[in-house]
Each structure stands twice: as C-alpha cells, then as structure tokens.
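My notes follow in the order I looked things up.

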Amino acid sequence: MIEVKNIKKGFGERTVLNGVSVTMQAGKCNLIIGASGSGKTVFMKSMVGLLVPDEGEICYNEKDFNKLNNEEKKEIRQQIGMLFQGSALFDSLTVEQNVMFPLNMFTKDTYAKKLKRVNEVLERVKLKDVNRKFPAELSGGMKKRVGIARAIVLNPKYLFVDEPNSGLDPQTSLVIDKLVKEITTEYDITTVVNTHDMNSVMEIGDHIIFMFQGKKEWEGSNKEIIFNKNERLNEFIFASDFLKDAKDMRMLEQTGKINNDRDMDKLLKG
C-alpha cells in the first residue's frame with residue numbers, strides 16, 4: 001500500500017494540494033477523480049516521485065519516499081509500473097521491443113528469458129502474436145493493452161494509470177477497465193487510477209478519492225458513492241438528469257426496492 005500523509009504542494013503563490021491524506025490499498029483499484037484543476041494530476045505525480053511535496057510524506061512500505069537515498073528510490077521505482085494517458089509507446093520500436101524496454105533497463109536477464117516474459121504479459125492482455133507489429137498498426141485499444149503489458153512486465157507492486165480510457169469508445173473502455181481490475185486483483189497490486197470516466201468509477205472503483213480545489217472532498221467505494229450526500233460530488237458525477245435518474249435506479253436496486261433481474265419489456269407492457 002501507499003500512505004499519503006498531509007501533503008501540500010504549490011507553485012509560486014498557487015496552492016495545488018492542501019493537506020491531502022489517504023491510504024492507497026493493495027489489491028484494489030484506487031481511483032482519483034475530480035474536475036480539471038482539482039489537483040489530481042499533481043497528486044499522482046507526487047506519489048510517483050516526479051514532484052516533491054512542499055510538506056507531508058508519501059510512504060512506500062512505511063518509508064517516506066522523499067527521504068530515501070538515490071539507491072533506495074531506484075528500488076522503489078523498479079516496483080512501479082505506469083500506464084500513460086496516450087500509451088506513450090515508442091513509434092520506431094515493435095510491440096515486442098516496447099514491452100521489453102523496462103527489462104533491458106532494469107534487468108540483466110538473457111534475451112531468451114526476457115522474450116519469454118514479454119510473451120507471457122502479451123498473452124495476459126490478449127495480444128498473442130503481435131510481437132512484430134509497430135504501434136501505427138494497432139488500434140487505440142490495442143495500444144492501451146500493450147501499454148499495460150509494458151507496465152506489468154517487471155511484476156510491479158504498484159501500478160499508476162493515467163486516464164486509461166482517453167480516446168476510446170465505450171465498449172473498448174470497458175475491456176480496459178476489466179483488464180486493469182483483473183490484473184490488480186490477480187497480482188495483488190496497489191493500483192492508482194487518475195480518471196474522468198464515470199464508467200470506470202462505477203465499474204472498478206474499489207476505493208475512490210474525490211478531489212476538490214486541492215483537498216480530499218470525499219472518500220469511499222463505488223457502492224457507497226451511490227448513497228453519498230456530498231453536493232459537490234453529486235454535481236460532478238451525476239450532473240445530468242439522465243445520470244441522476246440512473247443513480248436513483250441503482251439506489252432502488254441496491255436497497256431491494258426493485259429487482260436487478262427485472263424484465264423491462266414486460267414491465268413497460270404491463
């Protein structure tokens with residue numbers, strides 16, 4: 001798990017994070033949500049170590065990352081996988097070479113051993129036999145899956161995912177969400193997802209942090225979010241009349257007022 005303790009971060013006179021504390025749980029998808037400018041990107045960059053907080057602690061295995069020496073930080077970074085918003089694949093490298101890149105950087109394994117591992121993770125993300133293809137030959141969803149394969153090739157303990165469904169159609173987004181969830185549970189990874197996608201919130205949001213103006217405004221699960229009474233959160237997630245109605249229906253389902261397996265055609269005819 002990752003423990004964030006009262007971190008603050010500002011740029012000049014502007015405070016972006018103001019006393020955020022949270023525990024990112026292992027084996028669960030921890031989602032950071034919030035409007036643009038709420039501080040969620042700076043929050044994620046601080047956890048990864050790309051930014052240093054002005055105050056507070058970010059603890060991996062109870063050790064404050066920013067107080068570790070370079071060698072200790074390197075050890076933590078080798079346990080971190082990252083799926084970037086645009087997948088960030090190297091255009092001039094094949095799928096195989098892209099996925100093997102972290103292995104080349106951080107291991108001294110033989111080529112045969114590295115190739116075996118590359119094939120394992122490609123098969124895990126359902127991309128068997130695409131080794132020789134280049135990113136330009138892949139669909140958006142396939143690029144995301146290659147990005148996931150590269151992110152998990154070193155067997156990370158921590159997985160950071162930035163806007164996994166950006167630019168994808170709804171059906172492909174569900175595939176990516178399911179894959180992230182499965183990998184998180186299967187390997188007991190502490191997964192942190194930065195997202196605007198409300199389908200992701202409802203489908204894989206084991207643990208959700210809602211950011212508002214640099215502070216943690218609300219914290220809970222995708223089950224609890226349905227019954228929350230936080231006005232700012234409800235305006236952000238259930239902004240339209242359609243989504244408000246969908247929330248009401250889900251509340252009725254979860255409280256047993258209506259049957260989740262109901263036949264809508266029969267009800268409408270009745």
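This is a predicted model: local features need pLDDT of at least 70, side-chain atom pairs count only at pLDDT 80 or more; totals for chains, interfaces and linings use all residues.

On the α3 side I listed Val95, Glu96, Val99, Met100, Leu103 and Asn104. They meet Tyr111, Lys114, Leu115, Arg117, Val118, Val121 and Leu122 in α4. I sorted the contact residues by class: 9 are nonpolar, 1 is polar and 3 are charged.

Next I checked the geometry of that pair. Two packed helices are described by the angle between their axes and the distance between the axes. Helix α3 spans residues 95-106 and helix α4 spans residues 111-124. I read an angle of about 120 degrees, with the axes 9 Å apart. I therefore noted α3 as oblique to α4. Their crossing is right-handed.

Then I turned to the sheet. What is the order of the strands in the open sheet? I traced 6 strands as β6-β7-β8-β3-β9-β10, with mixed pairing. The edge strands are β6 (80-83) and β10 (215-220), and each pairs on one side only. From one strand to the next, I found that the twist averages 20 degrees.

I looked at one strand pair in detail. Strand β9 (residues 207-212) runs antiparallel to β10, and 5 bridges join them. I picked out Phe210, whose bridge partner in β10 is Trp218.

I also looked for a helix on the sheet. Helix α5 (residues 140-152) packs there, touching β6 and β7 (158-162). I noted about 170 degrees between the directions of α5 and β6.

Last, I checked the record. An unreviewed UniProt entry annotates residues 2-238 as "domain: ABC transporter". Over that range I got 37% helix and 25% strand. The end C-alpha atoms of residues 2-238 are 29 Å apart.

Definitions and conventions: Residues are numbered from 1 along each chain as its sequence is written. Side-chain values use heavy atoms; hydrogens and water are left out. UniProt positions are given in the numbering used here, feature names are shortened, and annotations may be inferred rather than shown by experiment. Helices (H or I, at least four residues) and strands (E, at least two) are DSSP runs, numbered from the N terminus. Two strands pair if DSSP finds at least two bridges between them. Axes are lines fitted to C-alpha atoms, for helices over the stretch in contact, and angles run from 0 to 180 degrees between N-to-C directions. Contact means heavy atoms within 4.5 Å. Angles under 35 degrees count as roughly parallel, over 145 as roughly antiparallel, 65 to 115 as roughly perpendicular and the rest as oblique. A crossing is left-handed if the near helix is turned anticlockwise from the far one by less than a right angle, and right-handed if clockwise. Ala, Val, Leu, Ile, Met, Phe, Trp, Tyr, Cys and Pro count as nonpolar, Asp, Glu, Lys and Arg as charged, and the others, Gly among them, as polar.
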